[in-house]
Amino acid sequence: MNARALVAWNVRRIRVERGIPQEQLAYDAGIDRSYLGRIEQKKENPTVDLLDRIAATLGIHLSELFTEPSKGAMPPKPMSRGRKPARVGRNRT
């Protein structure tokens, strides 16, 4: 796996494991959500400074973004985007 693929895998894995929506991570790291999406899709080659900001936002050391997944590891599943729950006690007419 090349470095771009490792970064994509690990950013997505850590973000999903922690239940952080892509929009929230992007906002907290000060980057555009679509750019973060392209990083996770291996379409962008982010700078070391940007990776450092993403790692700091995730609360990890930069080196964790370059950790090889274990053999046979499955890619992280997308977070569900289900509908927002209906508000209780509201009359809908």
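Tutor: Helix α2 passes helix α4 in a right-handed crossing, where right-handed says that the near helix is turned clockwise from the far one by less than a right angle, and left-handed that it is turned anticlockwise. The model is a predicted one, in which local features need pLDDT of at least 70 and side-chain atom pairs count only at pLDDT 80 or more, whereas totals for chains, interfaces and linings use all residues. Residues are numbered from 1 along each chain as its sequence is written, and side-chain values use heavy atoms, with hydrogens and water left out.

Two packed helices are described by the angle between their axes and the distance between the axes. For α2 (residues 22-29) and α4 (residues 48-58), the axes come within 9 Å and cross at roughly 115 degrees; axes are lines fitted to C-alpha atoms over the stretch in contact, and angles run from 0 to 180 degrees between N-to-C directions. In this contact (heavy atoms within 4.5 Å), L25, D28 and A29 of α2 meet R53, I54, T57 and L58 of α4. These residues divide into 4 nonpolar, 1 polar and 2 charged, with Ala, Val, Leu, Ile, Met, Phe, Trp, Tyr, Cys and Pro taken as nonpolar, Asp, Glu, Lys and Arg as charged, and the others, Gly among them, as polar.

The pattern along the sequence is α-α-α-α, with 4 helices and 0 strands, both being DSSP runs numbered from the N terminus (helices H or I, at least four residues; strands E, at least two).

Turning to the salt bridges (a side-chain nitrogen of Lys or Arg within 4 Å of a carboxyl oxygen of Asp or Glu), a search of the whole structure finds 4. One of them joins E17 and R13 at 3.4 Å, N to O, and both residues lie in helix α1 (residues 3-17), 4 residues apart, about one turn of the helix. E17 counts as exposed because its relative accessibility is 58%, while R13, at 24%, counts as partly exposed; buried means under 20% relative accessible area, exposed over 50%, and partly exposed in between, with a 1.4 Å probe and protein chains only.

Another salt bridge pairs R15 with E40 at 2.7 Å, N to O, linking distant parts of the chain, since R15 is in α1 and E40 in helix α3 (residues 33-40), 25 residues apart. Both R15 and E40 are buried, and salt bridges that share partners join R12, R15 and E40 into one network.
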